[in-house]
Amino acid sequence: MKKTLSVTAALALTLSFAAVAGADPVNGTDPTDVTEPVNVTETETEPVNVTEPINGTVVNTPDNNTTPTVDEPIIKSEEVVLVPTPMIELTNSVYFYNAPNGEKWGALAPQKVDTTGNRIDVMLGGEWVEIYTWKGTAWIYIE
């Protein structure tokens with residue numbers, strides 16, 4: 001117990017020395033620093049109306065206490081997904097492939113997966129469904 005405490009204290013002391021040695025000088029007493037000191041004077045300013053572009057739109061912010069107003073919608077109607085792709089819930093482990101009847105890439109545990117919308121029916125009653133995986137799009141066989 002005493003050895004563990006001693007090692008922990010020594011490690012903490014070493015880390016604190018490393019942090020101090022790696023820190024930048026606080027008061028600018030670095031001998032390689034050749035910049036001249038700059039005198040800064042504070043001036044009082046009044047609030048200013050700010051206009052900033054956001055994604056090609058103009059946002060008017062009269063002061064810092066109000067919510068900005070957007071002149072046009074940020075999401076345009078052609079960007080909205082009207083028909084989302086169906087989700088499939090896998091109830092047991094399923095292999096996924098690079099193509100229908102192709103090379104096995106791996107297996108998926110039971111979970112919900114998002115499909116791309118591409119499906120290929122098989123004569124025996126099942127179907128191949130294209131899904132999104134961490135390796136890109138892949139195919140699974142659903143009976």
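The dialogue below goes through several features of a predicted model.

Me: Where do I start, and how many helices and strands does the protein chain have?

Reply: Start with the inventory of elements and their order. In this predicted model, the protein chain has one helix and nine strands.

Me: What share of the residues is buried?

Reply: Of the 143 residues in the protein chain, 15% are buried. The accessible surface is about 12200 Å², and carbon and sulfur atoms hold 57% of that surface.

Me: What part of the contacts links residues 24 or more positions apart?

Reply: Take the contacts with a separation of 6 or more; residues 24 or more positions apart account for 30% of them. Another is Pro 86 and Thr 116, 30 residues apart, with a C-alpha separation of 8.1 Å.

Me: Which residues form the largest nonpolar core?

Reply: The general idea is that in soluble globular proteins, nonpolar side chains tend to be buried together. Here the largest nonpolar core has 10 residues: Ile 88, Leu 90, Val 94, Phe 96, Leu 108, Val 113, Val 129, Ile 131, Ala 138 and Ile 140. Strand S5 (94-97), strand S8 (127-133) and strand S9 (136-142) each give two or more residues to this core.

Me: Which residues does Ala 138 touch?

Reply: Leaving out residues up to four places away in sequence, Ala 138 touches Phe 96, Tyr 97, Trp 105, Val 129, Glu 130, Ile 131 and Thr 133. Among these, Phe 96, Val 129 and Ile 131 are also members of the core.

Me: How do I read strand pairing, and in what sense do S5 and S6 run?

Reply: Look at the direction of the two strands, then at which residues stand opposite each other. S5 and S6 run antiparallel and are joined by four bridges. Val 94 stands opposite Leu 108 in S6, and Tyr 95 stands opposite Ala 107 in S6. S5 also pairs with S9, again in the antiparallel sense, over two bridges. In that pairing, Phe 96 stands opposite Ile 140 in S9.

Me: What is found between S5 and S6, and which residue there takes a positive phi?

Reply: As background, most residues other than glycine have a negative phi. The hairpin of S5 and S6 has six residues between the strands, and Asn 101 takes a positive phi near 60° there. Asn 101 is exposed, since its relative accessible area is 68% and the exposed class begins over 50%. Ala 99 is in the loop between S5 and S6 too, but Ala 99 is partly exposed, at 28% relative accessible area.

Me: How many salt bridges does the structure hold, and which side chains meet in a salt bridge?

Reply: The structure holds one salt bridge. The side chains of Arg 119 and Glu 127 meet in it, at 2.6 Å from N to O. Arg 119 counts as partly exposed at 38%.

Me: What does Pro 86 touch, and where does Pro 86 lie?

Reply: Pro 86 lies in the loop between S3 and S4. With residues up to four places away in sequence left out, Pro 86 touches Val 113, Asp 114, Thr 115 and Arg 119. Val 113 belongs to the largest nonpolar core, and Arg 119 is one of the salt bridge partners. Pro 86 itself counts as partly exposed, at 40% relative accessibility.

Me: Which residues form a nonpolar patch on the surface?

Reply: Val 70, Ile 74, Ile 75, Val 80, Leu 82 and Val 83 form a nonpolar patch on the surface, with about 630 Å² of accessible area together. One of them, Val 80, has its place in the loop between strand S3 (69-70) and strand S4 (87-89). Val 80 counts as partly exposed because its relative accessibility is 44%.

Conventions
Residues are numbered from 1 along each chain as its sequence is written. This is a predicted model: local features need pLDDT of at least 70, side-chain atom pairs count only at pLDDT 80 or more; totals for chains, interfaces and linings use all residues. Side-chain values use heavy atoms; hydrogens and water are left out. Buried means under 20% relative accessible area, exposed over 50%, partly exposed in between (1.4 Å probe, protein chains only). Contact means heavy atoms within 4.5 Å. Accessible areas come from the Shrake-Rupley method with a 1.4 Å probe; for residues, only the protein chains shown count as cover. Patches are made of residues with over 30% relative accessible area and no salt bridge: like charges are joined within 9 Å, nonpolar side chains (Val, Leu, Ile, Met, Phe, Trp, Tyr) within 5 Å. A salt bridge is a side-chain nitrogen of Lys or Arg within 4 Å of a carboxyl oxygen of Asp or Glu. A nonpolar core is a set of buried Ala, Val, Leu, Ile, Met, Phe, Trp, Tyr and Cys residues joined through side-chain atoms within 4.5 Å. Two strands pair if DSSP finds at least two bridges between them.
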